[in-house]
Amino acid sequence: MSPHPRSRREFLAACGSLGLIPSLGLVPGLAARAAAQTATVDLPFGNGRRDIATDYPQKGPMIVQRNRPPLLETPFEVFDHGVFTPNDRFYVRWHLANVPTTIDPAAFRLSVSGSVRQPLSLRLNEVVRDFEPFELAAVNQCSGNSRGLFSPRVVGGEWGNGAMGNALWRGVRLKDVLDRAGVRSGAVQVRFRGLDTGVLPQTPNFLKSLALDHARDGEVMIAYAMNGEHLPLLNGFPLRLVVPGWYATYWVKMLHSIEILDQPDDNFWMSKAYLIPDTPGANITPGQSGVRMVPISRMVPRSFITSLTDGQVVRRNRSLTVRGIAFGGDSGIARVLVSLDEGHHWRQAQLGANHGKYSFREWQFGTRFATPGEQRVMVKAINTAGVAQPSTPNWNAGGYMRNVVESVSIKVA
Amino acid sequence: MDSRTARTQRARLSLRIGAVVGSTAAVLLGIAPHLRAATPVARSASVPAEPRHAASSRVADRLDLWSTVSVDLPVSTALFPAGEGASIANSTCLTCHSVEMVLAQPPRTAAQWTETINKMHSAYGAPLPAEQIGALALYLSQIAGKP
């Protein structure tokens, strides 16, 4: 019996082989519970062992970074199954512990207030029916995705690479809703608030703001569906802001209040949290001081190998298709390049279907390995704005915006 | 991690979602691509009533079948590992977040933990008497990041 059965079936098989089920009188429900608690994953950094839980609502197996407020990471193998991340495997990240667990759509209202001619209080069906539907595929990535891989290490949610996902979002353009309310001249920002609150009265409400022009760009949207279904509660049911190309901190979940501001927002979550060094790639030297800090914003390109894992054995002289995903950040993917010689030479991978410039894009690369031994496969994305993934990792104290060239080391035998 | 896991008791999952949501989801999987290209209907400022968008309303109608969603989140009852300072950690840190967040951190010095504790106090309102900060920081530097 392996120390950490990965599935209920494996657990039951292990128990069965030892004759445990009859003697312990285990019922399937209890067996599943035990399996859920003993499955773990070792993320590739120190102190990286995490539980894999199967008991979060509307979710399949997820890596538990934190139970409350939930931080659930998508197990990386999910990204090899397609460019759209299933809703029940989509990562989860909440800041404040009072996350409503019951949402009554009949009572729910989306308010639009502040510097507008006509404040609105919209029912869900008014959001769905009264504005032109809008659909867009976009990557939602936590600002701190891959933070656990920072060196030197930094404090925070110690994510592997699975604090990201790609979905087909459906909803309405924020611009259309703002136009209905009639933004007054002199307005500068739009502030968003969800239904979650802190435990302590002193804890600042989670509020995020966008510049008015950005909010009205016709792409920022209020989503009521992802991948053709209503959102899972933990991903923001019933409404979530979608800010294509920007880090997920702006994608406010359980969105229920939109406030048009005459002054720049200086609330905690804009002025103190989610700040990055105002340097290329948000990159500084550890310990460097006197750096101007600015709110995080646009994403940078990334690419991953999904069909191979570190240490995997590959037969020599067999044709092999290496596969993965890439995204351009705030613009589309122009090229994905693969190197088999430690970055000296790069060859172009084949790109899969284009689901829009904000989406994951599949790539494939056919090769065969003749020489037995260790073989590193490296991948690098270049977006349509000409931005390429760097060959050395960035560093900042927040653990934000990691996008170094990725690699997998396999064994050719 | 295993001992920590053993201390964690998750409440039994109970998920109650209206049947309508499930059936709606099944229907929605088949959203036709041509419906995405709905032509906007010009809105006149003098007509307050909201026009329906003919080409898209059939899709929208399927998504406007909303049912109450009610879930139970698993509850971690795990406490900090025994040691001097554990009771301070249990009575303050766990007010706003569960223990895994702390235990999953990399090794950090007491001075680094002091920075974090001060942030929890000043930014989020963690109730912690000043005279306990030193003991808590020392305790955290000894238990967190050491699986």
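pLDDT is the predictor's confidence in each residue, from 0 to 100. This is a predicted model, in which local features need pLDDT of at least 70 and side-chain atom pairs count only at pLDDT 80 or more, while totals for chains, interfaces and linings use all residues. Residues are numbered from 1 along each chain as its sequence is written, and chains are lettered from A and ligands numbered from 1 in the order in which they are written. For the complex, the predictor gives an ipTM of 0.87 and a pTM of 0.85.

**Chain B: confidence and contacts**

- Over residues 1-61 of chain B, pLDDT stays under 50; the model has 74 contacts beyond four places in sequence for this stretch, two residues being in contact if their C-beta atoms, placed from the backbone, lie within 7 Å.
- The mean pLDDT of chain B is 69, and 56% of its residues reach 70 or more.
- Among the contacts in chain B with a separation of 6 or more, 72% join residues 24 or more positions apart.

- Chain B has seven helices and two strands, where helices (H or I, at least four residues) and strands (E, at least two) are DSSP runs numbered from the N terminus.
- From the N terminus on, these elements follow the order α-β-α-α-β-α-α-α-α.
- Of the 147 residues of chain B, 22% count as buried; a residue is buried if 20 or more other C-beta atoms lie within 10 Å of its own, exposed if 12 or fewer, and partly exposed in between, with C-beta atoms placed from the backbone.

**Chain A: the open sheet**

- Four strands of chain A form an open sheet in the order β9-β10-β13-β14, with antiparallel pairing; two strands pair if DSSP finds at least two bridges between them.
- The edge strands are β9 (133-141) and β14 (240-242) of chain A, each of which pairs on one side only.
- Nine bridges join β9(A) and β10(A) in the antiparallel sense, and the bridge partner of A:Glu135 in β10(A) is A:Arg170.

**Chain A: helix α5**

- In helix α5 (residues 174-181) of chain A, the buried residues are A:Leu174, A:Val177, A:Leu178, A:Arg180 and A:Ala181.
- Seen down the axis of α5(A), these buried residues fall within an arc of 155 degrees, so they line one face of the helix; the arc is that of the directions from the helix axis to the C-beta atoms.
- The cover over the buried residues of α5(A) includes β7 (110-114), β8 (120-122), β10 (164-173), α6 (212-215) and β13 (221-226) of chain A.
- Just after α5(A), A:Gly182 takes a positive phi of about 80 degrees.
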